[in-house]
Amino acid sequence: MPDDEEWAFEAEINLWDDGESPAQAQEDEPEPSGPTGRDPDRVVTVVVSAEGAILQVELAADWKSKVDPRALDMSVLTAANAATIDALLRHAEDVRRNPPSPPRGNEDESPLTAQDVLRLGDAVLAEVDEISARLEVTDRPVAATSSGGHVSGSAQSGRYVGLDIDPTWASIARNAEVEAELTEVLKSLHRDSVPDGTGRQIGKATAELLSLVHDPDRLIRRVQGARSAGIERRGEDG
């Protein structure tokens with residue numbers, strides 16, 4: 001009958017049944033250069049793109065000795081949302097350092113009447129309504145489940161609000177398997193809860209209005225041109 005030391009050794013082997021051991025902790029791996037989030041225990045690392053899309057979920061080799069498998073879902077949730085915030089902060093800093101150039105119109109110099117302004121305003125409102133409708137759809141909670149069925153989660157407007165990991169499976173599965181199902185679910189949640197690029201594009205009418213606002217001299221010329229044309233027409237009629 002094995003003594004206590006043998007039982008302890010077998011328990012450790014079971015804990016690291018996938019060949020991973022505390023000595024294999026990722027000590028020499030370089031820090032990710034892109035937006036990254038970690039949980040307070042630093043057992044989960046989530047790397048995202050500049051737009052916040054999930055790129056990779058990494059588990060520390062010795063995570064099972066630091067976090068109860070029943071609490072892994074909260075660690076992943078914390079790391080994923082931290083990565084999203086990091087991406088937003090980096091984007092804000094990039095915009096601050098490199099502000100976008102004022103929108104350019106088509107340099108139209110044709111007279112701009114009051115009716116033209118009203119039509120342009122109506123077109124801008126229509127574009128705003130269209131974008132708002134798309135945003136309303138993506139503001140609804142979305143859910144996803146991994147193909148293996150061990151991980152499920154929910155998100156809303158790009159924020160991860162819930163995650164459920166089968167703790168029994170997580171305690172015996174290889175780290176690579178757990179990472180794969182986590183990545184699959186988080187990618188799906190981000191894709192379905194964040195507006196696509198069309199929601200951030202400026203419509204034609206909106207671009208024209210902004211170009212007029214950023215070029216007041218041209219706006220004045222076009223308005224004055226409309227007034228001159230109106231005066232000339234009245235003179236001809238008289």
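Start by selecting helix α5, residues 175–193: its 19 residues reach 27 Å from the first C-alpha to the last, close to the 27 Å expected at 1.5 Å a residue. Helices (H or I, at least four residues) and strands (E, at least two) are DSSP runs, numbered from the N terminus. The expected span of a helix is 1.5 Å times one less than its number of residues.

Before moving on, a word about what is on screen. This is a predicted model, in which local features need pLDDT of at least 70 and side-chain atom pairs count only at pLDDT 80 or more, while totals for chains, interfaces and linings use all residues. Residues are numbered from 1 along each chain as its sequence is written, and side-chain values use heavy atoms, with hydrogens and water left out.

**Stop 1**

Keep α5 selected and show its side chains. The buried residues here include Val178, Leu182, Val185, Leu186 and Leu189. Buried means under 20% relative accessible area, exposed over 50%, and partly exposed in between, using a 1.4 Å probe and protein chains only. An α-helix has 3.6 residues a turn, so residues three or four places apart point the same way.

Angles run from 0 to 180 degrees between N-to-C directions, and axes are lines fitted to C-alpha atoms, for helices over the stretch in contact. The strands form an open sheet in the order β4-β5-β6, with antiparallel pairing. Its edge strands, β4 (142–145) and β6 (159–165), each pair on one side only. Neighbouring strands of this sheet are turned by 15° against each other on average, direction ignored. Two strands pair if DSSP finds at least two bridges between them; β4 and β5 (residues 151–156) have four. To see one of the bridges, select Val142 with its partner in β5, Ala155.

**Stop 2: helix α2**

Select residues 72–97 next, which make up α2. How far apart are the end C-alpha atoms of α2? They are 38 Å apart, which agrees with the 38 Å that 26 residues should span at 1.5 Å a residue. Among the buried residues of α2 are Leu72, Val76, Leu77, Ala80, Ala83 and Ala87. The buried residues of α2 pack against β1, β2, β3, β6, α4 (167–172) and α5.

**Stop 3: β2 and its partners**

Color residues 44–48, which form β2. Five of the five residues of β2 are buried, so this strand is largely enclosed by the rest of the structure. Turn the view to check both faces: Val44, Val46 and Val48 are on one side, and Thr45 and Val47 on the other.

β2 pairs with β3 in the antiparallel sense over five bridges. Look for Val46 opposite Val57, and for Val48 with its bridge partner Ile54. The hairpin of β2 and β3 has five residues between the strands, and Gly52 takes a positive phi near 90° there. β2 also pairs with β1, again antiparallel, over three bridges. That hairpin has five residues between its strands too, and Arg42 in the turn has a positive phi of about 55°.

**Stop 4: Arg38**

Zoom in on Arg38, in strand β1 (residues 36–38). Is Arg38 buried, partly exposed or exposed? Its relative accessibility is 25%, so Arg38 counts as partly exposed. Thr45 is the bridge partner of Arg38 in β2, and a polar contact of 3.1 Å joins their side chains. A polar contact is a pair of N or O atoms within 3.5 Å; within protein, one must be able to donate a hydrogen and the other to accept it, and residues adjacent in sequence count only if both atoms are side-chain atoms.

Leaving aside neighbours within four places in sequence, Arg38 is in contact with Glu31, Pro32, Val44, Thr45, Thr78, Ala79 and Ala82. Contact means heavy atoms within 4.5 Å.

**Last stop: the whole chain**

Zoom out to see seven helices and six strands. Of the 238 residues, 33% count as buried.
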